[in-house]
Amino acid sequence: MRQPPGRAQRRGGGERKPREERWSELIEVATDVFYAKGYDAASLQDIADRLGMLKGSLYYYIQSKEDLLYDVIKAVHEEGLANIESLAAGEGDPLERLRGVIIGHIEHECRNLTKTAVFLHELQALSPERQAEIIGDEHAYRRVFVDLLEAGQQAGLIRAEVNPKLAALNILGSVNWVYRWFRTGGEFTAHQIGEQFADLALRGVATPEALARLQASPAAPALSRTARSRRPTAKPAKTA
């Protein structure tokens, strides 16, 4: 946990929550307020009111509203990055792992719609220096996809003419937009969306031989079967 600079750890009376618990609650509430009102419109007073504390008490934990946004966005980024890095390091060839990363990223995004929205909407509100500190010079999220695409090319699974950076940007651009229209309990589950998006992405980059092998695998082609199962059954032709 990042310790707010210049703030010594201290506790008041018995009613004060432990610092770690209160800090987690502060991050959660701030995320909800930034989502509901937007960073520019949200105030520290709004956050203090939701927490049931005085505005001045927030300075026990932070020094400014931007400090709080920084901590919110950093926490979201670290959680999401850990998710896809774990998936990318899993079993299977690079194409299979890329498929798992896409599905897992969308599932994580759909489980954390509020956090995702704050991260994608409000990252630009941070100073360029703080943005760079969070996402890194190589854009850590994109790097995971680029590494898998490059490994797929080296293994002969991804077409040589595919530019890994452009392909990674294309994939991230599509999967990161899901939070805008996904609804819990809607027509498609997060897993179904992830499978369909993974299928489309892999068809766009993989060699014909790799696709044929992937479709023949008992583990991977579930997505294509899911898509086919949603097609309407053909009606019998009328006889004269």
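Biologist: Which residues in H3 and H7 meet in this model?

Modeller: The model is predicted. From helix H3, Val 76, His 77, Gly 80, Leu 81, Ile 84, Glu 85 and Ala 88 meet Ala 140, Tyr 141, Val 144, Phe 145 and Leu 148 of helix H7. The residues of this contact divide into 9 nonpolar, 2 polar and 1 charged.

Biologist: At what angle do the axes of H3 and H7 cross?

Modeller: An angle under 35 degrees counts as roughly parallel. The axes of H3 (residues 65–88) and H7 (residues 140–154) cross at roughly 10° and come within 9 Å; H3 is therefore roughly parallel to H7.

Biologist: How do helix H1 and helix H5 pack?

Modeller: Their axes lie 9 Å apart, at an angle of about 65°, with H1 spanning residues 19–37 and H5 residues 113–122. The crossing is left-handed. Thr 31, Asp 32, Phe 34 and Tyr 35 of H1 meet Thr 114, Lys 115, Ala 117, Val 118 and Glu 122 of H5, and this contact comprises 4 nonpolar, 2 polar and 3 charged residues.

Biologist: Which residues of H6 are buried, and which are exposed?

Modeller: Buried means under 20% relative accessible area, and exposed means over 50%. In H6 (residues 128–135), Arg 130, Gln 131, Ile 134 and Ile 135 are buried. Seen down the axis, the buried residues of H6 fall within an arc of 115°, so they line one face of the helix. Pro 128, Glu 129 and Glu 133, on the other side, are exposed.

Biologist: What covers the buried residues of H6?

Modeller: The covering elements include H3 and H7. After H6 comes Gly 136, with a positive phi near 80°.

Terms used: Residues are numbered from 1 along each chain as its sequence is written. This is a predicted model: local features need pLDDT of at least 70, side-chain atom pairs count only at pLDDT 80 or more; totals for chains, interfaces and linings use all residues. Side-chain values use heavy atoms; hydrogens and water are left out. Axes are lines fitted to C-alpha atoms, for helices over the stretch in contact, and angles run from 0 to 180 degrees between N-to-C directions. Helices (H or I, at least four residues) and strands (E, at least two) are DSSP runs, numbered from the N terminus. Angles under 35 degrees count as roughly parallel, over 145 as roughly antiparallel, 65 to 115 as roughly perpendicular and the rest as oblique. Contact means heavy atoms within 4.5 Å. Ala, Val, Leu, Ile, Met, Phe, Trp, Tyr, Cys and Pro count as nonpolar, Asp, Glu, Lys and Arg as charged, and the others, Gly among them, as polar. A crossing is left-handed if the near helix is turned anticlockwise from the far one by less than a right angle, and right-handed if clockwise. Buried means under 20% relative accessible area, exposed over 50%, partly exposed in between (1.4 Å probe, protein chains only). The arc is that of the directions from the helix axis to the C-beta atoms.
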